[in-house]
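Hello,

Here is the structure you are taking over. Please open it first, then read the notes below it.

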Amino acid sequence: MALSLFYSIVFFLQAILTPGSNKIDGCPIKTLPTKIKRIAYIDTTVCECSALVKPDTDFDIYYTLNDSGSKPEVFAVNEKGELLDTKTIPNSANIDWEELIFYTDSLKNPHLVIGDVGNNRNRRRDLCLYNYDVTANKTNKHLFSYEDQYQFPPTEDSLNFDSEAFFKRDSSYYFISKNRGQGPVKLYQLAEDTAAHTARVIQRLSFKGMVTGCSMYYNKTSESQQLAVLLYGRIFLFNIIQSTTSILLSPYGVIKFPSGGQSEGICWFNEYELRVTNERGKLFKIVMKK
């Protein structure tokens with residue numbers, strides 16, 4: 001209880017009192033009014049929740065996974081935090097799993113893509129994505145590296161080759177650096193084709209705090225895409241804009257979230273709601289006012 005209170009205070013100070021905590025590239029970002037409520041504790045089988053995905057808006061089911069060193073498993077839970085199923089991902093290993101996405105391919109077959117991308121010390125040369133085809137019960141491994149990393153590890157002020165957040169759009173994956181160093185947060189693009197092994201920088205954004213997760217939402221009405229980017233103590237919201245060569249992230253809001261603690265999993269529930277989990281197993285409901 002005392003430790004939980006300590007972390008709550010730390011994240012509150014980071015989210016509310018850190019100068020410039022609501023700025024991106026030096027510009028203040030509008031704080032969005034929200035209602036935040038803890039709605040459940042996730043089953044303790046998920047001992048260090050590092051990701052959250054809602055594959056279908058019509059069913060009460062979420063996918064999540066454990067952090068580094070755990071078994072190569074993905075868990076299905078409901079909004080009460082109850083464990084529904086456990087799936088071992090074949091031909092995979094959990095070195096440092098940090099993120100998870102769900103998509104269906106052109107044949108409508110479901111896929112789970114797991115990011116074994118945790119790289120706290122910036123030393124890894126085996127970063128990879130595991131693309132698990134649910135229907136075929138088959139896993140493809142996609143090794144990659146960052147185009148601008150030449151040292152393993154780099155100098156202490158350049159520890160920007162760690163990522164805990166990625167999303168898929170069209171035929172590419174996009175990684176957001178966690179920002180352990182002194183430089184900007186970087187957005188990388190990696191072609192979905194497994195023959196591509198290099199993630200290239202397509203955008204740099206300056207803001208304070210470490211990125212721990214993200215989730216993309218497609219708005220069918222407006223045919224637009226939004227990205228929620230989770231940090232300790234707050235959530236930045238971006239519009240995804242198509243550029244001539246790739247995409248750009250354009251910020252439009254920030255949600256203050258000091259009660260989240262060490263939150264590392266986030267997903268959209270609908271256009272106005274998010275779900276967030278932290279490593280202590282708390283599941284939060286975040287509702288943005290219309």
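The notes below go from the whole chain to single residues.

Please keep in mind that this is a predicted model.

**The chain as a whole**

The chain contains 22 strands and one helix. The chain exposes about 13500 Å², and 51% of that is supplied by carbon and sulfur atoms. If we take contacts between residues at least 6 apart in sequence, 50% of them join residues at least 24 apart.

As for charge, there are 33 positive and 32 negative side chains. The centres of these two sets lie 6 Å apart.

**The nonpolar cores**

The largest nonpolar core has 22 residues, and Ile176 and Leu227 touch the most other members. Strands that give two or more residues to this core include E12 (163-169), E13 (172-177), E17 (224-231) and E19 (247-256). Leu227 has contacts with residues well beyond its sequence neighbours up to four places away, among them Phe167, Ile176, Met216, Phe236, Leu249 and Trp268. There is also a second, separate core of 16 residues, which includes Val113, Leu127, Tyr146 and Phe161.

**Two buried residues**

Where does Phe257 lie? Phe257 is in the loop between E19 and strand E20 (263-270). With a relative accessible area of 0%, Phe257 is buried. Leaving out residues up to four places away in sequence, Phe257 touches Ile36, Leu230, Gly233, Arg234, Ile235, Ser263, Val276, Phe284 and Ile286. Phe257 and Ser172 are 85 residues apart in sequence, and their C-alpha atoms are 30 Å apart in space.

Val74 belongs to strand E5 (residues 73-77). Its relative accessible area is 4%, under the 20% limit, so Val74 counts as buried. Beyond its neighbours within four places in sequence, Val74 is in contact with residues including Tyr63, Asp85, Ile89, Leu100, Leu112 and Ile114. From Val74 to Thr88 there are 14 residues in sequence and 6.5 Å in space, C-alpha to C-alpha.

**Backbone points to check**

Most residues other than glycine have a negative phi, and most peptide bonds are trans.

- Asp25 is not a glycine, but has a positive phi of about 55°. Asp25 sits in the loop between strand E1 (23-24) and strand E2 (27-28). Its relative accessible area is 43%, so Asp25 is partly exposed.
- Lys108 is not a glycine either, and has a positive phi of about 70°. Lys108 is in the loop between strand E7 (99-104) and strand E8 (110-116). Is Lys108 buried or exposed? Lys108 counts as exposed, because its relative accessibility is 66% and the limit is over 50%.
- The peptide bond from Phe152 to Pro153 is cis, with omega near 5°. Pro153 is in the loop between strand E11 (145-146) and E12.

Regards

Methods
Residues are numbered from 1 along each chain as its sequence is written. This is a predicted model: local features need pLDDT of at least 70, side-chain atom pairs count only at pLDDT 80 or more; totals for chains, interfaces and linings use all residues. Side-chain values use heavy atoms; hydrogens and water are left out. Helices (H or I, at least four residues) and strands (E, at least two) are DSSP runs, numbered from the N terminus. Contact means heavy atoms within 4.5 Å. Accessible areas come from the Shrake-Rupley method with a 1.4 Å probe; for residues, only the protein chains shown count as cover. Lys and Arg count as positive and Asp and Glu as negative; His and the chain ends are not counted. The place of a charge is taken as NZ of Lys, CZ of Arg, CG of Asp or CD of Glu. A nonpolar core is a set of buried Ala, Val, Leu, Ile, Met, Phe, Trp, Tyr and Cys residues joined through side-chain atoms within 4.5 Å. Buried means under 20% relative accessible area, exposed over 50%, partly exposed in between (1.4 Å probe, protein chains only).
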